[in-house]
Amino acid sequence: MLMSRLASGLVPYTPGEQPKGGKVIKLNTNENPYPPSPRAAAAIASFDTSRLRLYPDPTADALRAALADAEGVREENVFVGNGSDEVLSLAFAAFFDDASAPVLFPDVTYSFYKVFCALYRINFEEVRTDGGFAVRVNDYLCRETSGIVLANPNAPTGLSLPSGAFRALCAAYPDKVIIADEAYVDFSPLPSLAVLTAEYSNLLVVKTFSKSRSLAGGRCGYAIGDASLIRTLRTVKNCFNSYTVNALTAAAAREAVLDAEYFADCVGKIKATREKTAAALRGIGFRMTDSGANFLFAEYPGMSGEELQSELRARGIIVRRFDSPRIKDFLRITIGTEEDMDAFVRACAEITGQ
Ligand code: PMP
């Protein structure tokens with residue numbers, strides 16, 4: 001076969017569906033229902049396209065300066081990449097290897113982590129979450145491990161660990177990297193752990209512009225960490241592709257960071273819609289986790305997730321479901337606009353006869 005042994009053994013991550021045309025309510029990939037900041041839009045509209053002749057700044061310094069300011073760190077503590085998936089991928093390659101001790105992450109979490117492990121031949125172990133899918137930090141302590149990855153809030157559950165849990169892990173494994181994937185942190189009642197990176201040189205916090213900043217299509221993510229971790233990420237990146245963040249995206253992302261007011265307004269609306277939707281769904285008998293993300297993770301007792309998903313689809317509403325044993329009956333429902341969610345709740349009431 002015309003493929004390497006590595007390629008022949010890979011099972012890739014399956015991205016959520018992006019429907020082509022047709023009118024649907026799209027609640028399946030945790031995108032933001034609101035447009036990016038008008039400042040980001042203006043940066044693209046006024047972009048001098050003759051600059052596209054040139055390669056972009058390989059370290060996106062203007063964007064990193066804005067991020068450093070917003071996160072309360074120095075520029076040397078910021079790494080940017082083509083979406084946080086890329087940043088995570090580079091981090092797995094940079095900090096983990098095939099040592100006998102496994103990298104640890106929860107059994108119910110972002111399914112890309114094990115794909116990265118397969119790609120880089122990293123030994124990993126999925127640590128079982130409790131009956132309500134909560135991560136038990138004690139299960140990660142006193143272990144032989146070569147690193148830990150925790151999405152916080154976790155996906156697809158939306159559940160968060162307090163900062164004390166990360167402090168305990170960072171202190172327990174000072175010579176291992178602990179990755180906090182904060183793709184959804186802006187929707188959480190708990191603050192980002194980015195400030196802790198000054199205290200713990202082994203903590204890498206990864207964030208994205210795809211959710212709270214409405215720039216999923218721009219592809220931009222970043223990591224905050226000790227300068228030595230950032231240098232290592234840059235080394236690995238430069239063995240792969242020097243120019244991962246394109247010039248248009250860097251300009252738009254910088255403006256999005258600078259527009260704190262629009263950001264707060266957008267995030268506030270989504271959090272309010274989440275709470276309203278959760279209450280309405282509970283009212284018709286759904287059960288769900290206490291999500292601090294821009295999605296809900298819910299099940300309807302007595303109906304399979306598959307049936308619920310297909311009934312919703314028949315009504316033009318797309319949600320995400322993961323076909324793995326513990327969570328196959330749960331739907332992950334991205335929070336859309338108020339109107340989207342009203343339509344969603346009406347459809348759920350109709351399907352369940354409530
Ligand atoms: N981490 C988590 C937990 C996610 O759910 C996602 C979105 N699929 C990502 C990272 C990647 O987001 P992006 O590559 O768009 O920044």
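Tutor: Contact here means heavy atoms within 4.5 Å, and the model we are looking at is a predicted one.

Student: With that cut-off, which residues of H11 meet Leu308, Glu311 and Leu312 in H10?
Tutor: Helix H10 covers residues 305-314, and helix H11 covers residues 338-352. The residues of this contact divide into 6 nonpolar, no polar and 1 charged. On the H11 side, the residues that meet Leu308, Glu311 and Leu312 of H10 are Phe344, Ala347, Cys348 and Ile351.

Student: How are H10 and H11 oriented to each other, roughly parallel or oblique?
Tutor: Two packed helices are described by the angle between their axes and the distance between the axes. The axes of H10 and H11 come within 10 Å and cross at roughly 120 degrees, and the crossing is right-handed. Angles of 65 to 115 degrees count as roughly perpendicular and those over 145 as roughly antiparallel; H10 and H11 are therefore oblique.

Student: What does arginine 313 form a salt bridge with?
Tutor: Arginine 313 lies in helix H10, whereas its partner lies in the loop between helix H1 (5-8) and strand E1 (25-27), so the pair ties together parts that are 296 residues apart in sequence. The closest N and O atoms of the pair are 2.3 Å apart, and the partner is glutamate 17.

Student: How are H3 and H8 oriented to each other, roughly parallel or roughly antiparallel?
Tutor: Helix H3 (residues 61-71) and helix H8 (residues 247-258) pack at an angle of about 20 degrees, with their axes 9 Å apart, and H3 passes H8 in a left-handed crossing. Because angles under 35 degrees count as roughly parallel, the term that applies to H3 and H8 is roughly parallel.

Student: How many bridges join E2 to strand E8?
Tutor: Strand E8 comprises residues 221-224 and runs antiparallel to E2. Within this pair, glycine 81 stands opposite glycine 221 in E8. The number of bridges joining E2 to E8 is 4.

Student: Which helix packs on the sheet of 3 strands, touching E9, E10 and E12?
Tutor: That open sheet has the order E9-E10-E12 with antiparallel pairing, and strand E9 (287-288) and strand E12 (331-334) stand at its edges, each with a single partner strand. E9 and strand E10 (residues 295-299) pair over 2 bridges, with arginine 287 opposite glutamate 299 in E10. The helix on this sheet covers residues 260-283, its direction makes about 10 degrees with that of E10, and its name is H9.

Technical notes
Residues numbered from 1 in each chain as written. Predicted model: local features only at pLDDT ≥ 70, side-chain atom pairs only at ≥ 80, totals over all residues. Heavy atoms only, no water. Pairing = 2+ DSSP bridges. Axes fitted to C-alpha atoms, helices over the stretch in contact; angles between N-to-C directions. Left-handed = near helix turned anticlockwise from the far one by under 90°. Salt bridge = Lys/Arg side-chain N within 4 Å of Asp/Glu carboxyl O. Nonpolar A, V, L, I, M, F, W, Y, C, P; charged D, E, K, R; others polar.
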